[in-house]
Amino acid sequence: MPRIRIRNEWLEQHLFRVRALVVGLIALLLFMVVLGRLVYLQMVNYSHFVTLSEGNRLRAEPVTPPRGLIFDRNGVPLAENRPSYELDVVTEQVPDLKATLDALGKVVELRPGDLKRFNVLLKSKHPFQPLPLRTELTDEEIGRFASQRQDFPGVDIKATLSRFYPQGELTAHVVGYVGLVSPDELQHLDPEQYISTSEVGKIGVEYAYEKQLHGSVGIRQMEVTAEGRPVNKGPYTPPVPGSDLYLSIDVKLQAVAEHALGDNNGAVVAIDPNTGEILALVSKPEYDPNLFIGGIENDEYDLLQKDPSQPLFNRALRGQYPPGSTIKPFLGLAALNYNVVNPFANLMCPGYFYLPSNPNPYRDWRKGGHGETNLTKAIAESCDVYFYTVSLKLGVDRVHDFLTGFGLGQSPGVDLGGALPGLIPSPEWKRRATRQPWYQGDTVNIGIGQGYMLATPLQLAEATAALSVHGQRFAPHVLHSVGDPLSGVISDTAPQALPPVVVNTPGAWDLIIKAMTQVVSYGTAVRISYGAKYPIAGKTGTAQVHAKRLGVFGEEDQSGVPKELRDHALFIAFAPAQQPRIAVAVLVEHGGGGGAVAAPVARQVMDAYLLNQGTEAPPKP
């Protein structure tokens, strides 16, 4: 007998209502989640996602500003920009970078240095940024790549400006050069301003005035497809070009100084003593700064570094040499300032000098001595014995303090990086550097600019300039004026006055300057007086290189001495003697006697400046 199922309608309705309620709640919950997400996307983060959306459609491309140009004081170009083409790679658009580079190497020449630099940039730049793979493309390479462009997605040719130094080696040690930005440099540069800049000033004016030369980056908005291909140009903010710089250097005078050195290595620095402007700064040998454009190859750089003549070494700023007898006018002035000598009283010079406690003589460069010698004669004939005595009377502390006032042994403060300070020794310095006490013999040695004393050619020129204008000092500098490429306005730079050298003895300056004119009129530099059309004040110097070879501080015959053991020849001068317009320091490495080798170089420089050319103002750009 079949069982009869009795339905509980109330229970079924209750279950239905419960299930409907649960389903409704779940649906409501899902709706709330969707609604909340919609509010989050459309309201809370509206700006963020709009930006992302625009980013998919618009791409901001930085525009590198044209680098400022560099001219000499008369408007002669020293650094300029010239059109060139480079091969750029946007790595995020390249399917297989290695395969692409391999294939590109069959279209354009890729040197090891190109790939090395590219790999450096690869680590420091974003994948969406164009990275230069090869610069200075030839017309043939441009044509080959253009015909195969479709085979290289993410690679393109870009027209750009490349640095060029039309004066080449002549101004390399002043202007310097630009090179690829290194990862270390990126840490110190403004990332926004250098986002598209691949080169930066490495040395010289290019380094010292990098901020002014660089300018401000521009932005070009490009509408691109999903694959990143540009389709339309958007808003454009143009870059601001870097400022043009006019240097105080006269390139014609620079050429005269360079030529006057001949085959010798050395340095020449010429300064206007009334402003501190550097008129010429030569360090020889030089190098071609154009080798560094776009990155120098390793083998070429190795050749420069291993060259025994050291062409990369800036002797004018970093060469620290014993000043030799060029220091004597300054010591004579110190002796007058401290009243330790009567300038008109004679001192007997027998050709040697003894310290009471030392049986070994300190010799004069003239074997027979100078006889009765006063201060003027001692400077004119460069009497060593006289200045052995003067230095002992002054004492090392007063020598140190007085010479420091001329900037010797101090950081030069020139607006070029890398200048070294030289050395004016003191007992404290010697204890710190050598753990030895100061001896009287040390004081005797500094009396003739030997021993521990060191100075750079720039420092000697700066000190000579100060002496020529009775102690007035200006910071040496190469920047003459700054040109705005947009407005055309040129703004001159003002000389920076430094604390003057004060000498309390009346007539001391005139007496020393008169003695320096006698150096040229009958003394150790008499050779350069012939035919001179203006009065010259100067002082010769011969810096000993190898003590054991000579044993004396003399100008002996060095014709049979190996070149690397010969003395350095020095000469400082200014002219016209009573109204100086130029002060010059010359160093000839292993040149021998200063009067015979260095002084004629200074004469040629002064002739060129005072007789053959003026100081024209920079022209309007």
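**Figure 1. Salt bridge between D607 and R603 in the predicted model.** The side chains of D607 and R603 meet at 3.0 Å, N to O; a salt bridge is defined here as a side-chain nitrogen of Lys or Arg within 4 Å of a carboxyl oxygen of Asp or Glu. Both residues belong to helix α22 and stand 4 residues apart, about one turn of the helix. Helices (H or I, at least four residues) and strands (E, at least two) are DSSP runs, numbered from the N terminus. D607 and R603 are both buried, where buried means under 20% relative accessible area, exposed over 50%, and partly exposed in between (1.4 Å probe, protein chains only). The model is predicted, and local features need pLDDT of at least 70, side-chain atom pairs count only at pLDDT 80 or more, and totals for chains, interfaces and linings use all residues. Residues are numbered from 1 along each chain as its sequence is written, and side-chain values use heavy atoms, with hydrogens and water left out.

**Figure 2. Salt bridge between R163 and E206.** The two side chains meet at 2.8 Å, N to O. The pair links distant parts of the chain, with R163 in strand β5 and E206 in helix α8 (residues 204-208), 43 residues apart. R163 is buried, with a relative accessible area of 4%, and E206 counts as buried at 0% relative accessibility.

**Figure 3. Salt bridge between K158 and E86.** The side chains of K158 and E86 meet at 3.6 Å, N to O. This pair also links distant parts of the chain: K158 is in strand β5 (residues 155-164) and E86 in strand β3 (residues 77-89), 72 residues apart. K158 is partly exposed, with a relative accessible area of 35%, whereas E86 is buried, with a relative accessible area of 7%. A search of the whole structure finds 18 salt bridges.

**Figure 4. Packing of helices α13 and α20.** Two packed helices are described by the angle between their axes and the distance between the axes. Helix α13 (residues 328-337) packs with helix α20 (residues 508-521) at an angle of about 150 degrees, and their axes are 10 Å apart. Axes are lines fitted to C-alpha atoms, for helices over the stretch in contact, and angles run from 0 to 180 degrees between N-to-C directions. The helices α13 and α20 are therefore roughly antiparallel to each other; angles under 35 degrees count as roughly parallel, over 145 as roughly antiparallel, 65 to 115 as roughly perpendicular and the rest as oblique. The crossing in which α13 passes α20 is right-handed. A crossing is left-handed if the near helix is turned anticlockwise from the far one by less than a right angle, and right-handed if clockwise.

**Figure 5. Nonpolar surface patch that includes L21.** The patch is formed by L21, L25, L28, F31, M32, L35, L38, V39, Y40, M43 and V44, which together have about 1,100 Å² of accessible area. Patches are made of residues with over 30% relative accessible area and no salt bridge: like charges are joined within 9 Å, and nonpolar side chains (Val, Leu, Ile, Met, Phe, Trp, Tyr) within 5 Å. Accessible areas come from the Shrake-Rupley method with a 1.4 Å probe; for residues, only the protein chains shown count as cover. L21 is located in helix α1 (residues 9-44) and is exposed, with a relative accessible area of 54%.

Figure 6. P285 lies in the loop between β12 (278-284) and α11 (298-306).

**Figure 7. Positive phi values at E136 and H590.** E136, a residue other than glycine, has phi near 55 degrees. The loop between β4 (131-134) and α5 (139-147) holds E136, which counts as partly exposed at 30% relative accessibility. H590 is not a glycine either, and its phi is positive at about 55 degrees. H590 is placed in the loop between β23 and α22 (594-611) and is buried, with a relative accessible area of 17%.
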